[in-house]
Amino acid sequence: LSALAAMAGDAEATATGHALFDAAADQFFPDHSPMDWAAVQVARAVDPDTPVEALMQAEALTSGHGTVLGALALDLLIQREIALAAANGDVMALTRIETRVRRRLAERVGAPGAVDWAADQIAMARLMIARAELMGTNPDQAAFVLSEAAEAATDHGVPVLADRARVLMLGLGLDVRQRS
């Protein structure tokens with residue numbers, strides 16, 4: 001309802017849609033229905049003004065299980081962390097985030113699932129882009145990393161993650177037409 005109301009430019013209907021979503025979402029708790037609760041937190045986190053703590057809990061609850069929900073929670077959380085570090089011009093914070101992503105990649109037991117791998121690659125590309133913007137350089141490998149992440153996500157049936165990679169590629173000024 002909120003999306004349709006926003007398309008129609010109806011602020012009152014948008015507010016009603018948000019209220020209905022919030023009323024339904026408040027019926028889920030992490031200890032009763034963890035995946036449903038995590039899905040609600042991911043949906044709420046698309047709005048950058050929502051508090052990050054619930055998203056952090058949702059990511060912790062879903063991480064490492066190879067789920068689309070976990071990958072989306074991770075991507076949204078890292079996106080927020082990188083945006084905050086970049087807005088503050090904090091290169092050291094970007095380096096700490098990168099270290100966490102690299103550690104997660106290195107400490108993963110067995111071969112990473114394609115969904116987790118794609119989310120980690122998008123995170124690395126976000127870091128490359130943010131660092132390049134702060135340093136006034138070109139994010140050399142970001143386009144390649146994003147292209148591979150989008151392809152892996154598409155091949156494994158996760159179009160929402162592929163779309164997130166493509167949106168970042170558009171920000172780099174690249175042609176991102178979907179290959180068939």
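Biologist: What is the relative accessible area of Arg44, and which class does that give?

Modeller: This is a predicted model, in which local features need pLDDT of at least 70, side-chain atom pairs count only at pLDDT 80 or more, and totals for chains, interfaces and linings use all residues. Residues are numbered from 1 along each chain as its sequence is written, and side-chain values use heavy atoms, with hydrogens and water left out. Buried means under 20% relative accessible area and exposed over 50%, with partly exposed in between (1.4 Å probe, protein chains only). Arg44 has a relative accessible area of 23%, so the class is partly exposed.

Biologist: Which residue forms a salt bridge with Arg44 at 3.1 Å?

Modeller: A salt bridge is a side-chain nitrogen of Lys or Arg within 4 Å of a carboxyl oxygen of Asp or Glu. The closest N and O atoms of this pair are 3.1 Å apart, and the partner of Arg44 is Asp26.

Biologist: How many residues apart in sequence are the parts that Arg44 and Asp26 tie together?

Modeller: Helices here are DSSP runs (H or I, at least four residues) numbered from the N terminus. Asp26 is partly exposed, with a relative accessible area of 44%. By the salt-bridge rule, Arg44 and Asp26 are joined with closest N and O atoms 3.1 Å apart. Arg44 lies in helix H3 and Asp26 in the loop between H2 and H3, so the separation is 18 residues.

Biologist: Which residue is linked with Asp26 and Arg44 in a network of salt bridges?

Modeller: The salt-bridge count for the model comes to nine. In the network that holds Asp26 and Arg44, the other linked residue is Asp22.

Biologist: Where in the chain do Arg164 and Asp75 lie?

Modeller: Asp75 counts as buried because its relative accessibility is 1%. Asp75 forms a salt bridge with Arg164, the closest N and O atoms being 2.3 Å apart. The pair links distant parts of the chain, 89 residues apart, with Arg164 in helix H9 and Asp75 in helix H5.

Biologist: Which helices hold Glu81 and Arg100?

Modeller: Glu81 is partly exposed at a relative accessible area of 24%, and Arg100 is also partly exposed, at 36%. Glu81 and Arg100 form a salt bridge whose closest N and O atoms are 2.5 Å apart. The pair ties together parts 19 residues apart in sequence, because Glu81 lies in helix H5 and Arg100 in helix H6.

Biologist: What is the distance between the end C-alpha atoms of helix H3?

Modeller: The expected span of a helix is 1.5 Å times one less than its number of residues. Helix H3 has 12 residues (34-45) and should therefore span 16 Å; this agrees with its end C-alpha atoms, whose separation is 16 Å.

Biologist: Which helices are included in what covers the buried residues of H3?

Modeller: The buried residues of H3 are Trp37, Ala38, Val40, Gln41, Val42 and Ala45. Their cover includes helix H2 (11-25), helix H4 (53-62) and helix H5 (68-87).

Biologist: At what angle do H3 and H5 pack?

Modeller: Two packed helices are described by the angle between their axes and the distance between the axes. Axes are lines fitted to C-alpha atoms, for helices over the stretch in contact, and angles run from 0 to 180 degrees between N-to-C directions. The axes of H3 and H5 are 10 Å apart, and the angle is about 35 degrees.

Biologist: Which residues touch the most other members of the largest nonpolar core?

Modeller: A nonpolar core is a set of buried Ala, Val, Leu, Ile, Met, Phe, Trp, Tyr and Cys residues joined through side-chain atoms within 4.5 Å. Of the 42 residues in the largest such core, those touching the most other members are Leu146 and Leu161.

Biologist: Which residues does Gln121 touch, not counting residues up to four places away in sequence?

Modeller: Gln121 is placed in helix H7 and counts as buried because its relative accessibility is 14%. Contact means heavy atoms within 4.5 Å. By that rule the residues touched by Gln121 are Leu105, Val145 and Ala149.

Technical notes:
Helices (H or I, at least four residues) and strands (E, at least two) are DSSP runs, numbered from the N terminus.
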